[in-house]
Amino acid sequence: MTIKIEGVIANKIGFASHQNAVPVLRELTVHNEGEVDYNDLELELVADPPFLEGKIWRLDRLGKDSNLHISDRNLTLNAGYLADLAESLAATLVLRLRCKDEVLASQTFSVELLSKNRSEEHTSELQSPVRS
């Protein structure tokens with residue numbers, strides 16, 4: 001299979017991200033470089049630990065040799081979780097593309113969750129994205 005998920009994710013997220021409405025997911029594109037059309041897809045985002053709410057995008061069609069740019073990139077941060085962080089943690093965001101029960105592609109991003117004190121000190125760093 002030649003399906004890829006490409007995203008640009010903030011590499012550091014903290015309580016200040018929530019307060020300043022810093023976008024976590026800046027770009028999201030699904031590439032189908034193959035010769036097969038797909039219908040009725042789900043693109044799922046999961047965070048571990050749960051510093052934001054998971055999300056599922058329902059995609060009607062991904063044509064062969066095409067790109068699909070996802071414009072709805074709004075994610076809801078778990079402000080209570082971020083506010084209660086006593087120390088910084090490593091976290092992951094996973095994007096999985098499914099067609100029925102088959103996983104067509106998966107992409108994992110590493111994110112640093114900042115404690116509330118560090119988040120306030122490094123607000124400018126929260127703007128730095130990570131590309132896949």
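**Notes on the model**

1. Asp 65 sits in the loop that links S5 to strand S6 (66-69). The model is a predicted one, and in it the phi of Asp 65 is near 50°, a positive value in a residue that is not glycine. Most residues other than glycine have a negative phi. Asp 65 counts as exposed because its relative accessibility is 60%, and the cut-off for exposed is over 50%.

2. Lys 100 belongs to the loop between S7 and S8. Its phi is near 60°, again a positive value in a residue other than glycine. With a relative accessibility of 72%, Lys 100 is therefore classed as exposed.

3. The backbone also has a cis peptide bond, from Asp 48 to Pro 49, with omega near -5°. Most peptide bonds are trans. Pro 49 is located in the loop between S4 and S5. Those two strands form a hairpin, with six residues between them.

4. How many bridges join S4 to S5? There are seven, and the two strands run antiparallel.

5. Leu 95 stands opposite Gln 107 of S8. The loop between S7 and S8 is the one that holds Lys 100.

6. These pairings belong to an open sheet of five strands, with mixed pairing and the order S2-S8-S7-S4-S5. Its edges are strand S2 (12-13) and S5, each of which pairs on one side only.

7. The largest nonpolar core has 36 residues; those that touch the most other members are Ile 13, Leu 43, Phe 51, Leu 52, Trp 57, Leu 93 and Leu 97. Two or more residues each come from strand S1 (3-10), strand S3 (25-32), strand S4 (38-48), strand S5 (55-62), helix H2 (79-83), strand S7 (89-99) and strand S8 (102-113). In soluble globular proteins, nonpolar side chains tend to be buried together.

8. Which residues does Leu 43 contact, leaving aside neighbours within four places in sequence? They are Ile 5, Leu 28, Val 30, Lys 55, Ile 56, Trp 57, Leu 59, Ile 70, Leu 95, Arg 96 and Leu 97. Two of these partners, Trp 57 and Leu 97, are named with Leu 43 among the core residues that touch the most other members. Lys 55 and Arg 96 are also on the contact list of Leu 43.

9. Is Ser 115 buried or exposed? Ser 115 has a relative accessible area of 7%, so it is buried, the limit for that class being under 20%. Ser 115 is in the loop between S8 and helix H3 (116-121). Apart from neighbours within four places in sequence, Ser 115 has contacts with Leu 85, Ala 86, Glu 87 and Ser 88.

10. The largest pocket holds about 170 Å³ of space. Its lining consists of Ser 17, His 18, Ala 21, Val 22, Pro 23, Val 24, Leu 25, Ser 71, Arg 73, Asn 74, Leu 75 and Leu 77. By class, seven of the lining residues are nonpolar, four are polar and one is charged.

Note on methods: Residues numbered from 1 in each chain as written. Predicted model: local features only at pLDDT ≥ 70, side-chain atom pairs only at ≥ 80, totals over all residues. Heavy atoms only, no water. Core = buried A, V, L, I, M, F, W, Y, C linked by side-chain atoms within 4.5 Å. Buried < 20%, exposed > 50% of the residue type's maximum accessible area, 1.4 Å probe, protein only. Helix = DSSP H or I, 4+ residues; strand = E, 2+ residues; numbered from the N terminus. Contact = heavy atoms within 4.5 Å. 1 Å grid on protein atoms, 1.4 Å probe; cavity = no way out; pocket = protein on both sides within 12 Å on 5 of 7 lines; lining within 4 Å. Points joined across faces, edges and corners; volume = space filled by probe spheres on them. Nonpolar A, V, L, I, M, F, W, Y, C, P; charged D, E, K, R; others polar. Pairing = 2+ DSSP bridges.
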